[in-house]
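Subject: Structure handover and findings

Dear colleague,

Please find the structure below, followed by a summary of what was found in it. I would be grateful if you could read the notes alongside the model.

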Amino acid sequence: MSDPQNTAGLLSVEETPTTAPASTIAMATQQDRKRRRILPSTSPKFIVGSILVLATVLFAIIAPIFTQNPRSTANPALQAPSAEHWLGTTKLGNDVFAQLAIGAQGSLLVGLIASVIAIVLSLLFGVLAGYLGGWREDGLALITNVMLVIPALPLVMVIASFVPQRTWQLVAIFLGITSWAGAAYVLRLQTRSLRTRDYVYASKVAGERSLRVILVEIMPNLLPLLTAQFLFALIFAILGEAGLSYLGLGPTDSITWGTILNDAQSGQALGRGAWWWFVPPGLMIAVIGAGLVLINFAIDEVINPKLRNAPDAARRVRKAAKTKGVTA
């Protein structure tokens with residue numbers, strides 16, 4: 001005959017609950033909420049910025065298919081927007097909508113090429129210098145510091161003024177090689193911090209090559225920062241090209257939003273009341289700039305915990321103040 005106490009003990013062992021304690025479940029749920037909160041896709045800034053950028057890119061791809069030749073002068077000059085010419089015409093009879101569509105391709109390509117060049121140079125002078133250390137870091141940091149103290153846009157203006165025939169590719173290269181120093185400085189400091197981590201030391205002790213350590217152990221931790229720096233370089237390149245073109249130092253064989261503004265300025269569009277000539281390209285530059293800035297802000301919230309936790313902290317402060325007021 002079995003002992004009731006032993007039977008109860010066996011039942012208590014066998015009936016051990018398979019579910020996690022409530023505190024563990026609450027902690028896991030809280031961690032899942034935090035994880036979901038830091039994703040940029042859930043940020044209103046990221047959503048709005050992505051819509052603006054995607055709409056601009058689609059406009060640059062699709063709109064030129066349905067427009068006439070942007071250099072055609074067969075249209076009436078300075079015609080106001082109408083059903084035939086949605087954004088009117090220029091002083092030479094060019095269709096503004098057609099120029100705006102082709103100009104979107106030119107401006108976005110210049111920005112993309114320049115930002116790729118800038119991010120590659122920042123990786124070379126930032127990540128490589130931060131990882132290597134010693135005299136090699138000092139040498140690469142010296143070049144970075146020299147580029148930091150030289151104003152980028154005036155340097156591009158000086159370079160462009162010596163080249164009479166400028167293609168959009170050449171302008172993109174000018175902008176790329178003059179806008180990488182700031183990103184390189186930030187990446188170098190972050191890489192210097194990452195190279196002291198235990199997993200990096202473990203990879204070195206295991207005999208891993210430096211290139212593999214950089215690509216596998218360091219670069220994944222730099223991806224959010226690299227994305228933010230890439231977007232910043234893209235914004236700078238698009239705005240820089242528009243500024244250069246407005247001053248007459250942009251591409252001489254291509255149509256961009258900046259060249260449209262330059263033509264409008266030289267054609268006295270403001271004095272003639274031809275708002276449709278200069279407002280659309282300026283608005284497009286503002287839209288793409290705002291979209292990229294919003295995406296950059298959303299990524300910055302992922303990188304910077306202080307920015308990410310600021311709304312929750314503000315809500316807690318307001319709730320505490322309200323509770324204190326009710327208690328009083």
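Is Q268 buried or exposed? Q268 is exposed, at a relative accessible area of 54%, where exposed means over 50%, buried under 20% and partly exposed in between (1.4 Å probe, protein chains only).

The model is a predicted one, in which local features need pLDDT of at least 70 and side-chain atom pairs count only at pLDDT 80 or more, while totals for chains, interfaces and linings use all residues. Residues are numbered from 1 along each chain as its sequence is written, and side-chain values use heavy atoms, with hydrogens and water left out.

Backbone and loops

Most residues other than glycine have a negative phi. Q268, in the loop between α11 (257-266) and α12 (269-272), has a positive phi of about 55 degrees although it is not a glycine. Helices here are DSSP runs (H or I, at least four residues), numbered from the N terminus. L78 also has a positive phi, near 50 degrees; L78 sits in the loop between α3 and α4 and is partly exposed at 25% relative accessibility.

N75 is likewise placed in the loop between α3 (44-62) and α4. With a relative accessibility of 14%, N75 counts as buried. Its side chain reaches the backbone oxygen of G93 at 2.9 Å. Apart from neighbours within four places in sequence, N75 is in contact (heavy atoms within 4.5 Å) with Q68, H85, T89, G93, N94 and D95.

Helix packing

Helix α4 (residues 96-132) packs on helix α8 (residues 181-194) at an angle of about 25 degrees, with the axes 7 Å apart. Axes are lines fitted to C-alpha atoms over the stretch in contact, and angles run from 0 to 180 degrees between N-to-C directions. The two helices are therefore roughly parallel, a term for angles under 35 degrees. On the α4 side the contact includes S122, L123 and F125, and on the α8 side A183, A184 and L187. By class, this contact has eight nonpolar, four polar and two charged residues; Ala, Val, Leu, Ile, Met, Phe, Trp, Tyr, Cys and Pro count as nonpolar, Asp, Glu, Lys and Arg as charged, and the others, Gly among them, as polar.

The axes of α6 (residues 152-161) and α10 (residues 210-246) come within 11 Å and cross at roughly 45 degrees. A152, L153, V156 and M157 of α6 meet F236, G240 and L244 of α10, a contact with six nonpolar, one polar and no charged residues.

Technical notes
Parallel < 35°, antiparallel > 145°, perpendicular 65-115°, else oblique. Polar contact = N/O pair within 3.5 Å; in protein donor to acceptor, adjacent residues only side chain to side chain.
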